[in-house]
Amino acid sequence: MDMPIRARDIRDGVARRDLSAVEVCRAALDRIASLNPPLNAFLTTADERALARATELDARRDVQDLPLLGVPVALKDNLCTRGIPTTASSRILEGYTPPYDATVVERLEAAGAVIVGKTNCDEFAMGSSTENSAFGPARNPWALDRTPGGSSGGSAVAVAAGMVPLALGSDTGGSIRQPAALCGVVGFKPSYGRVSRYGLIAFASSLDQIGPLSTSVADAAVTMDVLAGHDPRDSTSSAAAVPGFARALDESETVSRGIRVGVPRHLFSKGVDADVMAAFDAAIGVMRDRGADIVDVELPHSPHAIPVYYIIATAEASANLARYDGVRFGYRAPEARTLGEMYERTRGAGFGREVKRRIILGTYVLSAGYYEAYYRKAQQVRTLVRADYERAFTRVDVIAMPTSPSGAFALGERTDDPVQMYLSDVFTVGANLAGLPSVSVPCGFTQGRLPIGLQFTGRAMEDASVLRIADVYERATSWSSERPPVPAPSASR
């Protein structure tokens, strides 16, 4: 069968009994089996578990209130799933099977979703291209020689290629939005604390957030209705009231006039590809035509966001990754004669080059002689970055920027130049430093037919407003309906 590309269509079809959850699940698994060899989006599929879950859903009668009934969902491989290997794309966790589900997994399954597998990512979510995966890079379905972005590249590829209509990723400095932009799908990073991080393998705890990648803003909103809300198992989980995200989109047509969109053009003066700027300017024109007021805003400390981010993120990574020592779980180096030798060999063999680089940087900036000069100073500038956004939001409802300064770059192009790789996140890290909701939606193509993303960032805990404004843009354009030229799936297995 041809699986609908949108989660809402699948849910409605299964609820009406026009489709069966088992049919949809088999279609997704068949498409994954056909397309994954060249794309490497999935590290693990959970065929038996998924089909058993779909069979259970088809047998139920109390399904009308399940918002993701029968919808196949992929999970980034840093989200713990009971009984399914979860490696964070690292050799140090190869073969690790968690004894529990992350809160987001529990909530997805309670909403009727069917978990079909785990997707490829940069090791421990550290990267912007998925090339840091210990299991090989994922490939962009628009051009197989190009990166899909990262670190949630596998999830973005899975959605863009039609393997699943919905996937979850994590976003520490742009790791949902940047691959969404490079693969031509929607990617949403919620406000910090809006979605529980319980069961997320930590990279940088003050920056990490879990969010959806989908083919439409509407599907992202439905998913947020499922994921959002307080979790007592996560001390950073917000107790703020959760709005109806999907319901908020019903107002999109009536609220477009009077929306105030801020544009910090001083940030685009250099380093942005001409194709990206042309698409961004056209997108701003669409918003103006829809009745939005376009306002120039200043974010004076944003040029410092990249160095601030890489000080804070590496410092937190250094602390979080200290637990991988060969003692409690995961890989242990054989034939070590002393405890210290076991630590050294285990971490030396288990971690990849980029993870080691960040642990070393993080340990350095936290060391006694450099803490004040680097880590404390970075936290002070982080406060200034947040204040810039707060000041701008007294004048505007959202801030618009390109999601990425370029389209998808070639695999291998930046692996030997980490600074260039880090600059891929120049427009996304600010939202993480300030804890703000931010969404990327497709807004055009480069001359080489590679997707370009438009990013909207809003006030903290006003996630529904950000999604509503993105929906205004999506409804006014056809970019989100474009699909990559991936081959048709082979016959059912």
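Glycine 291 follows α10 and has a positive phi, near 105°. Before I go on, this is a predicted model, in which local features need pLDDT of at least 70 and side-chain atom pairs count only at pLDDT 80 or more, while totals for chains, interfaces and linings use all residues. Residues are numbered from 1 along each chain as its sequence is written, and side-chain values use heavy atoms, with hydrogens and water left out.

On naming, helices (H or I, at least four residues) and strands (E, at least two) are DSSP runs, numbered from the N terminus.

Let me stay with α10. Which residues of α10 are buried? They are Val276, Met277, Ala279, Phe280, Ala283, Ile284, Gly285 and Met287. Buried means under 20% relative accessible area, exposed over 50%, and partly exposed in between, with a 1.4 Å probe and protein chains only. The buried residues of α10 pack against several elements, including β7 (260-263), β8 (293-296) and α17 (463-476); contact here means heavy atoms within 4.5 Å.

Next, the aromatic rings. Rings of Phe, Tyr and Trp (its six-membered ring) pair if their centres lie within 6.5 Å; planes under 30 degrees apart count as stacked, over 60 as edge-to-face and the rest as tilted. By that rule there are 17 aromatic pairs. Tyrosine 310 and tyrosine 422 have ring centres 4.0 Å apart and planes at 20°, so they are stacked. Tyrosine 310 is in helix α11 (residues 305-320) and tyrosine 422 in helix α15 (residues 418-422), so this pair ties together parts 112 residues apart in sequence. Tyrosine 310 is buried at 10% relative accessibility, and tyrosine 422 is buried at 12%.

A second stacked pair is tyrosine 364 with tyrosine 370, centres 4.4 Å apart and planes at 25°. Tyrosine 364 is partly exposed at 37%, as is tyrosine 370 at 35%. Ring pairs also link Tyr96, Phe124, Tyr324, Phe329 and Phe351 into a cluster.

Last, cavities. A cavity is a set of points, on a 1 Å grid over the protein atoms alone, where a 1.4 Å probe fits but cannot get out; lining residues have an atom within 4 Å of a point. Leu267, Tyr389 and Phe427 are among the residues that line the largest cavity.

Terms used. 1 Å grid on protein atoms, 1.4 Å probe; cavity = no way out; pocket = protein on both sides within 12 Å on 5 of 7 lines; lining within 4 Å.
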